[in-house]
Amino acid sequence: MSEEVKAPKKEKIPRQKMPEQPANERRRNFEEVPYGYTPELAMKEAERCIQCKDPRCKQGCPVEIDIPGFIKHIKEGEFEAAIRNLWEKNSLPAVCGRVCPQEVQCEGLCILGKKDEPVAIGNLERFAADYQREHGKQILPPKADPTGKKVAVVGAGPAGLTVAGDLLLKGHDVHIFEALHGPGGVLLYGIPEFRLPKAIVFQECNFLERMGATIEVNAVIGRSETVDELLERFDAVFLGVGAGLPVFLKIPGEHYIGVYSANEYLTRSNLMKAYEFPVYDTPIVKGKSVATFGGGNVAMDCARTALRLGADHSYIIYRRSMAELPARTAEVHHAEEEGVEFLLLNNPTRFLGDDATGRLTGVEVLKMELGEPDASGRRRPVPIKGSEYTVEIDTAVIAIGSGSNPLLTKSTPGLALNKWGYIVADPKTGKTMKPRVWAGGDIVTGSATVILAMGAGRLASNSIHDYLTYGW
Amino acid sequence: MFEIVERQEMAQGTIISNWIKAPKIAAKAKPGQFVILRANEKGERIPLTMADTDPAKGLINIIYMVVGKSTALFKTLQVGQGYIDVIGPLGQPTHLEKVGKVICVGGGTGIAVLHPITRGLKQIGNFVYSVIGARSKDLLILEDKMKAASDEMMICTDDGTYGHKGFVTDKLKETLEKDKDIKLAVCIGPVPMMKFCCKVTKEFGVKTLVSLNPIMVDGTGMCGCCRVKVEGKMQFACVDGPEFEGHEVDWDELDLRLRSYMVEEKVSYDQFKECHGGGKCSCCS
Ligand SMILES: Cc1cc2nc3c(=O)[nH]c(=O)nc-3n(C[C@H](O)[C@H](O)[C@H](O)COP(=O)(O)OP(=O)(O)OC[C@H]3O[C@@H](n4cnc5c(N)ncnc54)[C@H](O)[C@@H]3O)c2cc1C
Ligand SMILES: Cc1cc2nc3c(=O)[nH]c(=O)nc-3n(C[C@H](O)[C@H](O)[C@H](O)COP(=O)(O)OP(=O)(O)OC[C@H]3O[C@@H](n4cnc5c(N)ncnc54)[C@H](O)[C@@H]3O)c2cc1C
Ligand code: SF4
Ligand code: FES
């Protein structure tokens, strides 16, 4: 080899796109949208990471995953090492890789993002988890010797599942109580199949059962048993019951047939599989013209579900502008591609209906303009007088947030609640004001994210373990 | 699985009674509370009131009318078979109070819901009038049990084949006219019946409890499907009810919302009648 020939300058690899179902096909089916990376694509994407010494991405991760570490393993084709690395901090990587708002967390801080596009950290996390599930050995992590201590976990959402997984590993006996007929929380009843296949959720819960957890479904704590009764049988109780209370717009006409809360619309579709009616028994109004109110992930999920149920028009009606939409960027982008129509700076004032049939026929909306910034720093929408107009719709889905469901909290004396009805818990330990009771996730913070619920579960499980091992 | 240990057909097979093994629920249940049941993996979540319980044996009793696909599917379940899910007890128990004289009015399967409440009211020392009605003699249920739970019982049938010919509201009105000491009415049955009973009792200024049956999904206050308007306010029947002060209920709204899925219900029931294990519906899962 001649000395003159220089090594060719390393070509810059662009951010690797995940192959996905074409928008015009997927808008009519419930199958998952992105197919995931192939090993080749994953390794290529992993190569983009420059392995920062002081990685900014990690600071953006609520559970501090060793991001460059797992990416390095992928780059080298050591997929099992990658998943083991992820598992150290995150017990649900297949879920988080799909639903975390990476653009405001790890990817939002990634150094490459300054000039170029950030490393596709979420896609890589998903790849590692999916590869393990589809090709890997069924590895069960080693468990500590049984301690003889018993813990009740109330609610089988991300917070409760995390607590359960952690405490099982530490040798404690774990019994999960779940109100619905299946475990998973919002992962099961809220987030649609096309974004998070239910098979993945089942697999995660099944993993816990193989690890030795008892999952008791159909157990509505507060009704079938109270927390005080659980405390008689268990050494500690963790409350991870989520923020399961629907919020309505409180405008006239919300009783019309075809007006749904997001919780009802999604529960019918996801948990009850109403999209397979009549093979499944639960029906849902399959609107031709559907309006979803709100701008978060929940709203995007509803609007995209409406398309898949056969809507000709699926509108998002939101009172602020595109810049303020709180949903994940990827979801807004997917929704637009699929043909969701955004009616921004619009605020509903009343529903219109046919009083003989009781069916919804339209919604009156008022146009808004952006005024001065409010307390949250976002410009406050102010109504434009006399700008009311009617949108003809036959289905409305209200996705403007959720509240704290009082069923459990009301039946549990000794818990301190804040003014919104959420449980007061120490942010570092999850301890509530009631002895031997911990809480975390949406029931403490209000609706947040999967990873924050898991982070709260992790802190609580550490604290519960300390208590069970050393006492208070 | 929640096993059916006893099964009985009533009212010529239009109404079915099941005793189901559910010890945890039986131990907790109080009059007025309900359960949600699912027959199988593809099934709907169906709310039914507990007509009775036997905590010692760990059993609960449901009595339901066959009105559509899911109840027809339930009807096919025999002793030894069962439901994959039974959730409860749900809802607020009836507030049983000694007020003196009460009148309990039940129509159709509503009598099954009314019976434990009637019995409870008598047990704590009230003088109980009861009025029960059905379309025809052979559709009337729980006559003996209601008789045992009442001090004075009246029977009405629409076609006059048994007791008074006419509606339960006739006897309700008659009794309220006759006895001015009645302090409380409990009226449970189809929506029109409850609505007209409330009209009558309102004239007499008698407080009236009704049990509402809006369509439900989770039964834990999570979805808002069961919302009803009471005193002009939105209430969730599954957690705030199912019993409410009848004079304050917006009956027309409830009546409309109960018809939400009329089209789908027919599709589903027709499919079921044709299917017989052919994979078109949930009956074979
Ligand atoms: C449609 C939708 C889309 C979302 N999309 C995203 C997303 O893309 N990314 C993201 O990060 N986050 C998303 N979120 C938010 C995220 O799902 C939640 O923040 C997270 O699930 C909260 O977890 P949790 O464990 O606190 O509660 P949950 O997931 O709500 O689980 C609570 C569980 O407790 C059960 N329970 C309630 N009461 C009782 C009781 N009395 N007894 C027994 N069990 C009870 C419930 O049935 C439920 O299963 C979304 C939420 C929704 C609704
Ligand atoms: C709290 C409560 C207690 C009840 N107790 C009893 C009882 O003790 N005995 C009894 O016979 N019936 C009772 N019902 C009514 C019973 O739930 C319905 O008759 C049943 O759901 C009908 O289902 P289906 O598929 O057979 O009929 P469908 O063809 O689906 O419906 C027939 C009618 O039942 C109503 N209905 C349908 N789905 C539901 C649902 N998920 N929840 C509530 N109503 C629905 C609809 O208004 C419809 O018009 C109760 C309902 C509630 C809410
Ligand atoms: S900030 Fe970006 S480039 Fe740096 S380690 Fe994290 S993912 Fe890799
Ligand atoms: S049935 Fe869902 S809130 Fe009552």
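Predicted model: local features only at pLDDT ≥ 70, side-chain atom pairs only at ≥ 80, totals over all residues.
Residues are numbered from 1 along each chain as its sequence is written, chains are lettered from A and ligands numbered from 1 in the order written, and side-chain values use heavy atoms, without hydrogens or water.

- Cys and Pro count as nonpolar here, and Gly as polar.

**Extent of the A–B interface**
- Contact (heavy atoms within 4.5 Å) links 45 residues of chain A with 49 residues of chain B.
- The two chains bury about 3,700 Å² between them (accessible area lost, 1.4 Å probe, summed over both). Carbon and sulfur atoms carry 55% of it.
- R223(A), H255(A) and D281(A) supply 19% of the area that chain A buries against chain B, more than any other three residues.

**Polar links between A and B**
- There are 4 salt bridges between the chains (Lys or Arg side-chain nitrogen within 4 Å of an Asp or Glu carboxyl oxygen).
- One salt bridge joins K69(B) to D281(A), with the closest N and O atoms 2.5 Å apart.

**Chain A side of the interface**
- Helix 12 (227-233), strand 5 (245-246), strand 6 (259-261) and helix 13 (262-271) of chain A each supply at least two residues (DSSP runs: helices H or I, at least four residues; strands E, at least two).
- Helix 13 of chain A gives the largest share, 4 residues.
- By class, this side has 22 nonpolar, 12 polar and 11 charged residues.
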